[in-house]
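Q: I would like to learn how to read this model feature by feature. Where do we begin?

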Amino acid sequence: MSTKTTNEFGGEIGGVTLLGKAHSLSALFIVLLRATIGGMILFAGLGKVSEWPFDAAGYLANVGSASPVSGIYAAMASNAALMEIVNVVVPVTQLLIGAALITGAFVRLAALGGAMQMMLFYLGGWSGEALALFDSTLVYAMVFLTVAAFGAGRVLGLDAYIEEFEVGGQALVEKFPALRYVLG
């Protein structure tokens, strides 16, 4: 395996140009990162399904008062109809996100969903203390966003093949460019 650096990446943010060169092993590590975070959330969903019925009401009702979402989460916990939906959506989305990341299909969509779920958990767990600012759910959210940003589904993933499906003689992402935001 070559260790020659050949991959360049970059962008511009607020007038500042960011440029970098990735090591040739970067592709391997982004696949491992995608599979690891996918496995983490898949097994979180499997754990909830294996202990069915899953009930998020206890978590939502007991969010500390320092959390900026404590009132919203408490109101959600007291709404039985809404809890019926939440109790299905949380484990199902975890299973779908995990499966998508492991297979490399619809990676950006799945990773953004995972980041959003982690941010909701992060806000619910916020204790108001400065030392709690960087807890594991925030780190997980950043990992999900990293996987999305690097288009990790194109490396040993199904997204590379999905993007090239031909529709009317054109590659899927050429015919429907908006799909680049969910694939990759």
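Q: How much helix and how much strand is there over residues 25–44?

A: Helices (H or I, at least four residues) and strands (E, at least two) are DSSP runs, numbered from the N terminus. Over residues 25–44 the chain is 95% helix and 0% strand. The end C-alpha atoms of that span are 29 Å apart. This is a predicted model: local features need pLDDT of at least 70, side-chain atom pairs count only at pLDDT 80 or more, and totals for chains, interfaces and linings use all residues. Residues are numbered from 1 along each chain as its sequence is written, and side-chain values use heavy atoms, with hydrogens and water left out.

Q: Which residues does the UniProt annotation "transmembrane region" cover?

A: The unreviewed UniProt entry gives residues 25–44, 56–76, 88–111 and 131–152. UniProt positions are in the numbering used here, feature names are shortened, and annotations may be inferred rather than shown by experiment. In the model, residues 56–76 are 57% helix and 0% strand. Their end C-alpha atoms lie 10 Å apart.

Q: How far can I trust the coordinates?

A: Where pLDDT is low, the predicted coordinates should not be read in detail. pLDDT is the predictor's confidence in each residue, from 0 to 100. Here the chain mean is 88, and 97% of residues reach 70 or more.

Q: How many aromatic pairs does a search of the whole structure find?

A: A pair of aromatic rings is described by the distance of the centres and the angle of the planes. Rings of Phe, Tyr and Trp (its six-membered ring) pair if their centres lie within 6.5 Å; planes under 30 degrees apart count as stacked, over 60 as edge-to-face and the rest as tilted. The search finds 2 pairs. Tyr-59 and Phe-121 have ring centres 6.3 Å apart and planes at 85 degrees, so they are edge-to-face. Tyr-59 lies in helix α2 (residues 57–61) and Phe-121 in helix α5 (residues 107–125), so the pair ties together parts 62 residues apart in sequence. Tyr-122 and Trp-126 form a tilted pair, 6.3 Å centre to centre with 50 degrees between the planes.

Q: What span does helix α6 reach?

A: The expected span is 1.5 Å times one less than the number of residues. Helix α6 (residues 136–149) has 14 residues and reaches 20 Å from first C-alpha to last, close to the 20 Å expected. Just after α6, Gly-151 takes a positive phi of about 55 degrees.

Q: Which residues of α6 are buried, and what covers them?

A: An α-helix has 3.6 residues a turn, so residues three or four places apart point the same way. The buried residues of α6 are Thr-137, Leu-138, Ala-141, Val-143, Phe-144, Val-147 and Ala-148. Their cover includes α1 (26–50), α4 (80–103) and α5.

Q: What does Thr-137 touch?

A: Contact means heavy atoms within 4.5 Å. Not counting residues up to four places away in sequence, Thr-137 touches Met-118, Phe-121 and Tyr-122. Its relative accessibility is 13%.

Q: And what does Ala-111 touch?

A: Ala-111 sits in helix α5 and is buried at 0%. With that sequence exclusion of up to four places, Ala-111 touches Leu-101, Phe-144, Val-147 and Ala-148.

Note on methods:
Buried means under 20% relative accessible area, exposed over 50%, partly exposed in between (1.4 Å probe, protein chains only).
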